[in-house]
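Let's take a friendly walk through this fold, from its sheet to its core. Keep the structure open beside you as you read.

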Amino acid sequence: MKIDNGNVELQAQFSEMNAQWDAAFNSQQATLVASFYDDEATVMPAGAAQVSCGKSILEFWTNTLAQGIVDHKIELIEAGGDEQFAFQRGLWSAAAVDAQGQRQQFSGNLHLLYRKQPEGGWKIFTHIWN
């Protein structure tokens, strides 16, 4: 298995997916956010339990979006892969607004592992951040 981490086409695809994911998150569309994940995906949030598979991932994002997190942004640093799996390393940022309107910024590192789908597109297989 040869991993190509200089694949410009893959980087463009993932940059577009990042923009779509951020738009779904920022518009509070948990069902759309969950649609980016493979049926056997796992979400591994920093400091929390792992969440696996469709219904649990939808529930996780529904609860997360209800916490007042806004302005999510993913920044791709590197991407590569082969015919079956691909990865993305990057950064994320977001803000939380409390009941008094106070805004707090958050940011960290991000790693996504994608699995090629039967129809040819990519879906997130593992999502981890800190």
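## Strands side by side

Leu 112 stands opposite His 127 in β6. This position belongs to a predicted model, and it is a handy place to begin. Strands β5 and β6 run antiparallel to one another, paired over seven bridges. Further along, Arg 115 has Lys 123 in β6 as its bridge partner. The two strands make a hairpin with five residues between them, where Gly 120 adopts a positive phi near 110 degrees.

On to the neighbouring hairpin. Strand β4 (residues 85–97) pairs with strand β5 (residues 103–116), again in the antiparallel sense, over 13 bridges.

Thr 126 and Gly 108 are 18 residues apart in sequence, with 17 Å between their C-alpha atoms.

How many strands does the open sheet have, and in what order? There are six, in the order β2-β1-β6-β5-β4-β3, and the pairing is mixed. β2 (51–52) and β3 stand at the edges with a single partner strand each, so one side of each has no neighbour in the sheet.

## Helices across the sheet

α1 lies across β1 (37–44), β3, β4, β5 and β6, and runs at about 165 degrees to β3. α3 lies across β1, β2, β3 and β6, running at about 50 degrees to β1.

## Aromatic rings

The count of aromatic pairs comes to 10. In one of them, the ring centres of Trp 21 and Trp 61 are 5.2 Å apart and the planes are at 80 degrees, so this pair is edge-to-face. Trp 21 lies in helix α1 (residues 8–26) and Trp 61 in helix α3 (residues 54–65), so the pair ties together parts that are 40 residues apart in sequence.

A second pair, Phe 60 with Trp 129, is tilted, with 6.3 Å from centre to centre and 50 degrees between the planes. Distant parts of the chain are linked here too: Phe 60 is in helix α3 and Trp 129 in strand β6 (residues 122–129), 69 residues apart.

| Residue | Relative accessibility | Class |
|---|---|---|
| Trp 21 | 2% | buried |
| Trp 61 | 3% | buried |
| Phe 60 | 16% | buried |
| Trp 129 | 17% | buried |

Trp 21, Phe 60, Trp 61 and Trp 129 belong to one aromatic cluster together with Phe 25 and Tyr 37.

In soluble globular proteins, nonpolar side chains tend to be buried together. Here the largest nonpolar core has 31 residues, and those that touch the most other members are Phe 14, Trp 21, Tyr 37, Val 43, Ile 57, Trp 61 and Tyr 114. Two or more residues come from each of α1, α2 (30–34), β1, α3, β3, β4, β5 and β6. The largest share of this core, six residues, is from α1.

Not counting residues up to four places away in sequence, Phe 14 touches Leu 76, Ala 79, Ala 86, Phe 87, Gln 88, Tyr 114 and Trp 122.

## A histidine to finish

His 72 is found in strand β3 (residues 69–81). Its relative accessibility is 12%, so His 72 counts as buried. Which side chain joins His 72 in a polar contact of 2.8 Å? The partner is the side chain of Asp 22. Beyond the residues up to four places away in sequence, His 72 touches Trp 21, Asp 22, Phe 25, Asn 26, Trp 92, Ser 93 and Ala 94. Among these, Trp 21 and Phe 25 take us back to the aromatic cluster.

Conventions: Residues are numbered from 1 along each chain as its sequence is written. This is a predicted model: local features need pLDDT of at least 70, side-chain atom pairs count only at pLDDT 80 or more; totals for chains, interfaces and linings use all residues. Side-chain values use heavy atoms; hydrogens and water are left out. Helices (H or I, at least four residues) and strands (E, at least two) are DSSP runs, numbered from the N terminus. Buried means under 20% relative accessible area, exposed over 50%, partly exposed in between (1.4 Å probe, protein chains only). A polar contact is a pair of N or O atoms within 3.5 Å; within protein, one must be able to donate a hydrogen and the other to accept it, and residues adjacent in sequence count only if both atoms are side-chain atoms. Contact means heavy atoms within 4.5 Å. Rings of Phe, Tyr and Trp (its six-membered ring) pair if their centres lie within 6.5 Å; planes under 30 degrees apart count as stacked, over 60 as edge-to-face and the rest as tilted. Two strands pair if DSSP finds at least two bridges between them. Axes are lines fitted to C-alpha atoms, for helices over the stretch in contact, and angles run from 0 to 180 degrees between N-to-C directions. A nonpolar core is a set of buried Ala, Val, Leu, Ile, Met, Phe, Trp, Tyr and Cys residues joined through side-chain atoms within 4.5 Å.
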